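Subject: Handing over a structure

Hello,

I am passing this structure on to you, and below it you will find my notes on what turned up. Please have a look at it first and then read on.

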Amino acid sequence: MKTDLSLYDRTLTLFRYPKRNNETLQAWDAGDEYLIQHIEEMALSAGQKIVVLNDSFGALSCWLADKHHVTMLSDSFIAQQATRNNLADNHCNPVVLASSLESIPTDVDLVIMQIPRNNRYLTWQLAQLRKTLSSHIPVIAVNKAKEIHSSTLKLFEKYLGETKTSLAWKKHRLVFSFANSPQPIDVEPFTTWAVDEHNITLKNLANVYSGESLDQGARFMLQNLPADDTYKHAIDLGCGNGILSIKLAQLNPSLEITCIDESFMAVASAEQNLLDNVGQSERFHCMANNCLDGIKAAGYDLVVCNPPFHQQQAVTDHIAWQMFCDAQHVLSTGGQLLVIGNRHLGYDVKLKRLFGKSNVSVVAVNKKFVILQATK
């Protein structure tokens, strides 16, 4: 796996976060290289104020911090941690790290962005840029050429302004735009919908997974959550909009629940949804984190988890494995991990390796999903 990004007689050593032994995935892609090359060819004067949106692991921020004042906005806790580490490892100048919940700076000379996979989030970001930027400030975005559809460019034109594209290079394409559409278009921060069969209404910020409807895995999990007054402390790991926490709270009125996700927008949505559906309570805690880093060992009776199987653009199972290992660490003896996954993912094999064959059982199964219980 390549760790050195070398361009223009300069080398950065970059790692994903968390750093793993035998890592197979690179911490940057050809899109980052294309953007860097284009910006270098622009021959910007030193000291430009540059906003970087959606920098996956900090490659763009590290490169630009050498000569410019950089603000990196991201919805990813992991992206921020990776950027911090890569900045330190490469002795880069400081970068302002901001979450997706913060406003885009108004004093800007250039905006560059990795185009997010989620069109709702892209629309939100473009609308915020249109409201914030002067019409002469360039916005340069990048993605794989196959992911830049005519509909993508129409979003740029509608919510931001004048837009054109580059030629493809290493299967990536640049998008050039300015904030000069006739009028800014208001985009509601939350998308709201109801889960009628559970009497729950959910508000979802723009980058929340499955933010426009309830995904089928969560729907199946809702039908199989425990009601057990022996549980005192639970974690909803990868909480998303908090739907599982809400149901757990309704089924277990004295249960203390900690919601954890790496998306700042997911954590904020979960906090709002617990407030709206269950009410203000000191028994709920919501936090952005990399899995269960820093969480007290042997302090929890229950962990519920619907693991992701991708990180940024890459399909990978290492996040699920880290979630399972972390859950095993924070569970008390007799505590239980409740996991849902597509049947073909084979989570039962991983859980049996970790918890022991006799301590893993099937709670429920349908044509697509299986819910597994692992007992420490």
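**What I found**

Pro18 sits in the loop between β2 (10-13) and α1 (30-42); helices (H or I, at least four residues) and strands (E, at least two) are DSSP runs, numbered from the N terminus. The peptide bond that joins Tyr17 and Pro18 is cis, with omega about -5°.

Before going further, a word on the basis: this is a predicted model, in which local features need pLDDT of at least 70 and side-chain atom pairs count only at pLDDT 80 or more, while totals for chains, interfaces and linings use all residues. Residues are numbered from 1 along each chain as its sequence is written, and side-chain values use heavy atoms, with hydrogens and water left out.

How is the protein chain divided? The domain assignment gives domain 1 (4-178) and domain 2 (191-375); such bounds come from an automatic or database domain assignment. The C-alpha centres of the two domains lie 31 Å apart. Their contact (heavy atoms within 4.5 Å) takes 24 residues from domain 1 and 25 residues from domain 2.

The area buried between domain 1 and domain 2 is about 2200 Å², and carbon and sulfur atoms give 53% of that. Buried area here is the accessible area (1.4 Å probe) that two parts lose on being put together, summed over both. In domain 1, Asp75, Phe77 and Arg120 lose the most area to domain 2, together 32% of what that side buries.

What kinds of pairs cross this interface? The rule finds 12 residue pairs in polar contact, both at pLDDT 80 or more. A polar contact is a pair of N or O atoms within 3.5 Å; within protein, one must be able to donate a hydrogen and the other to accept it, and residues adjacent in sequence count only if both atoms are side-chain atoms. Salt bridges (a side-chain nitrogen of Lys or Arg within 4 Å of a carboxyl oxygen of Asp or Glu) number 0 across the interface of domain 1 and domain 2.

The structure does hold 6 salt bridges, though. One of them is a pair between the side chains of Glu33 and Lys170 (3.9 Å, N to O). This pair links distant parts of the chain, 137 residues apart: Glu33 is in helix α1, and Lys170 is in the loop between β8 (163-165) and β9 (172-178).

Enjoy exploring it!
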